[in-house]
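Visitor: Can you walk me through this model? I'd like to start with helix packing.

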Amino acid sequence: MLIGLSVVAGLLAAFLILTGEVLEGDTLVFDRTVLLALRSAADPNQPAGPWWVERMARDLTALGSVTVLSLASLAALGGFALMRRWAAAALLLLSAGGGLAVSSILKHLIGRARPDLVPHGDVVLTASFPSGHAMLSAVVGLTLGALLAQSVGDRRLKLYIMAVAVLLSLMIGASRVYLGVHWPTDVLAGWSVGAAWAAACWMLVEALRRRGAACP
């Protein structure tokens, strides 16, 4: 629990520091440099690389959409219900549902505008900071990964499951920058607060389990 608290505190501290830097405009040079580095040198309106890289980025970014993550969460909730793993279902519901609410509140409070340097490679309707795709993919991916890893005994398999969950979240977040719909710091903030929220929800259920009230 002490390790978990340290992790959550560190991630939240990173998010708060990053938020302060963004609000003060200190990250603008970094954001612009990274965003433009992912564009074609001949034509900044075009993403760097062959045409299929942009196609892959669109496919990856779809995995972090509210629709896809909601379907994955509902499917997992159905499975937990059939197995009568009510605490696991409650953890996923709290993590995913709460994460969506936190993301919406933060976007509304900070109200950062989307990048205006390059054309957007995806339709965007909300504020930019933090990245909802990065945050929610971290929340859902880490929660489901942890629940799945808990059900296997092989330590190498546990590490593999968590590594896949982390890698998917990283690729989804990176695709948002590549498509020009988020500043890099939006994605970094999304990863930070998403991982912190998932860890905090897990610690809550773990604390209840130790008191004999729940067991995912």
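Visitor: At what angle do the axes of helix 4 and helix 6 cross?
Guide: Roughly 20°, and the axes come within 10 Å. Helix 4 covers residues 66-82 and helix 6 covers residues 132-150. Helices here are DSSP runs (H or I, at least four residues), numbered from the N terminus. Axes are lines fitted to C-alpha atoms over the stretch in contact, with angles from 0 to 180 degrees between N-to-C directions. This is a predicted model: local features need pLDDT of at least 70, side-chain atom pairs count only at pLDDT 80 or more, and totals for chains, interfaces and linings use all residues. Residues are numbered from 1 along each chain as its sequence is written, and side-chain values use heavy atoms, without hydrogens and water.

Visitor: Which residues make the contact?
Guide: From helix 4, V66, L69, S73, A76 and F80. From helix 6, L136, S137, V140, L144 and L147. Contact means heavy atoms within 4.5 Å.

Visitor: New topic. How many aromatic pairs does the structure hold?
Guide: One. The ring centres of F15 and F129 are 6.0 Å apart and the planes are at 20°, so the pair is stacked. Rings of Phe, Tyr and Trp (its six-membered ring) pair with centres within 6.5 Å; planes under 30 degrees apart are stacked, over 60 edge-to-face, the rest tilted.

Visitor: Where do F15 and F129 sit in the chain?
Guide: F15 is in helix 1 (residues 2-24), and F129 is in the loop between helix 5 (86-110) and helix 6. They are 114 residues apart.

Visitor: Is F15 buried or exposed?
Guide: F15 is buried, at 6% relative accessibility. F129 is buried too, at 0%. Buried means under 20% relative accessible area, exposed over 50%, partly exposed in between (1.4 Å probe, protein chains only).

How values were computed. Helices (H or I, at least four residues) and strands (E, at least two) are DSSP runs, numbered from the N terminus.
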